[in-house]
Amino acid sequence: MTNVGRSSDLIVITEGALITALALVLSFVPHSTGVSSIEFMYGLIPMAIFALRRGLKAGLMAGLVWGILDLVLRGFSNGGFLNPLQGFVEYPLAFGVVGLIGLGSVRVKRAIEEGKSTLGLIIFYSAIGFFAKYFFHFIAGGIYWGSYAPKTMNPWIYSLVINGGSFIANMIMMLVLAVVLNRVFKRLIIVRN
């Protein structure tokens, strides 16, 4: 590997570490809304920008690290860890798949460079990563958190309401920010060396 390749890899790793730290810090900002456990995950926004900026591999790795750190710093202390399998599904796996947003990296960058609208692409690829994250939370919710559902409600319906609501809430947040900060998003996604 050349020095240029190593330097470029180091830049991506450093950006990933900074974005992961930012996402983790944002996890400590109160983010529950209305219904019991519907949450805004503010860290999804910098993760989405990073995955679109650096691609699938970097996005998956940053999400994985975010999930491990969130498990250690929040999951163990706030009762979010029930057993090793549930912990793996809801933290490293669920947070890691947010990096699937990086599937759109090339298309979004190309659209920006060609002066085309990127809003639809950003929302579409963000939806893929956000949906994957909340799908794993939905599965874990139905299997592991069913006892917390109201007595008259099916645990799978309860999990769907909570995790589906969180998915919708975060997509609305992403849409609003992508519209309001469209120019900023474009500048953050394009890599200038």
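This is a predicted model: local features need pLDDT of at least 70, side-chain atom pairs count only at pLDDT 80 or more; totals for chains, interfaces and linings use all residues.

Me: What makes the contact between Glu15 and Arg53 a salt bridge?

Reply: The side chains of Glu15 and Arg53 meet at 2.9 Å, N to O, and because the definition asks for a side-chain nitrogen of Lys or Arg within 4 Å of a carboxyl oxygen of Asp or Glu, the pair qualifies as one of the four salt bridges that the structure holds. The pair links distant parts of the chain, with Glu15 in helix 1 and Arg53 in helix 2, 38 residues apart, and both Glu15 and Arg53 are buried.

Me: How do you know that Arg74 and Asp70 form a salt bridge, and where do they lie?

Reply: The closest N and O atoms of Arg74 and Asp70 are 3.2 Å apart, and the cut-off is 4 Å, so the pair is counted. Arg74 and Asp70 both lie in helix 3, four residues apart, about one turn of the helix, and both are buried.

Me: Why is Glu114 called partly exposed, and what is said of its partner Lys116?

Reply: Glu114 has a relative accessibility of 46%, and because partly exposed covers what falls between under 20% for buried and over 50% for exposed, Glu114 is placed in that class. Lys116, at 48%, therefore counts as partly exposed by the same test. The side chains of Glu114 and Lys116 meet in a salt bridge at 3.0 Å, N to O.

Me: What makes a set of residues a nonpolar core here, and which members touch the most others in the largest one?

Reply: The members must be buried residues of the nonpolar kinds listed for a core, joined through side-chain atoms within 4.5 Å, and the largest such set has 39 residues, of which Trp66, Ile101, Val108 and Met174 touch the most other members. The largest share of this core, eight residues, comes from helix 2. Apart from it lies another core, of five residues, among them Ile38, Tyr158, Ile162 and Ala169. In soluble globular proteins, nonpolar side chains tend to be buried together.

Me: With which residues is Ile101 in contact, leaving aside its neighbours within four places in sequence?

Reply: Ile101 is in contact with Ala48, Ala51, Leu52, Tyr125, Ser126, Gly129 and Phe130, where contact means heavy atoms within 4.5 Å.

Me: How do you know which residues line the largest pocket, and which of them lie nearest its centre?

Reply: A lining residue has an atom within 4 Å of a point of the pocket, and 23 residues line the largest pocket, with Ser37, Glu39, Glu90, His137 and Trp145 nearest its centre. About 660 Å³ of space lies in this pocket, and helix 7 gives the most to its lining, with five residues. The lining divides into eight nonpolar, ten polar and five charged residues.

Me: What is the volume of the second largest pocket, and which helix gives the most to its lining?

Reply: The second largest pocket has a volume of about 290 Å³, and helix 1 gives the most to its lining, with six residues. The lining residues include Asp9, Thr20, Phe50 and Lys57, and the whole lining divides into eight nonpolar, two polar and two charged residues.

Note on methods: Residues are numbered from 1 along each chain as its sequence is written. Side-chain values use heavy atoms; hydrogens and water are left out. On a 1 Å grid over the protein atoms alone, a cavity is a set of points where a 1.4 Å probe fits but cannot get out, and a pocket is an open set with protein on both sides within 12 Å along at least five of seven lines; lining residues have an atom within 4 Å of a point. Grid points are joined across faces, edges and corners, and a volume is the space filled by probe spheres set on the points. Helices (H or I, at least four residues) and strands (E, at least two) are DSSP runs, numbered from the N terminus. Ala, Val, Leu, Ile, Met, Phe, Trp, Tyr, Cys and Pro count as nonpolar, Asp, Glu, Lys and Arg as charged, and the others, Gly among them, as polar. Buried means under 20% relative accessible area, exposed over 50%, partly exposed in between (1.4 Å probe, protein chains only).
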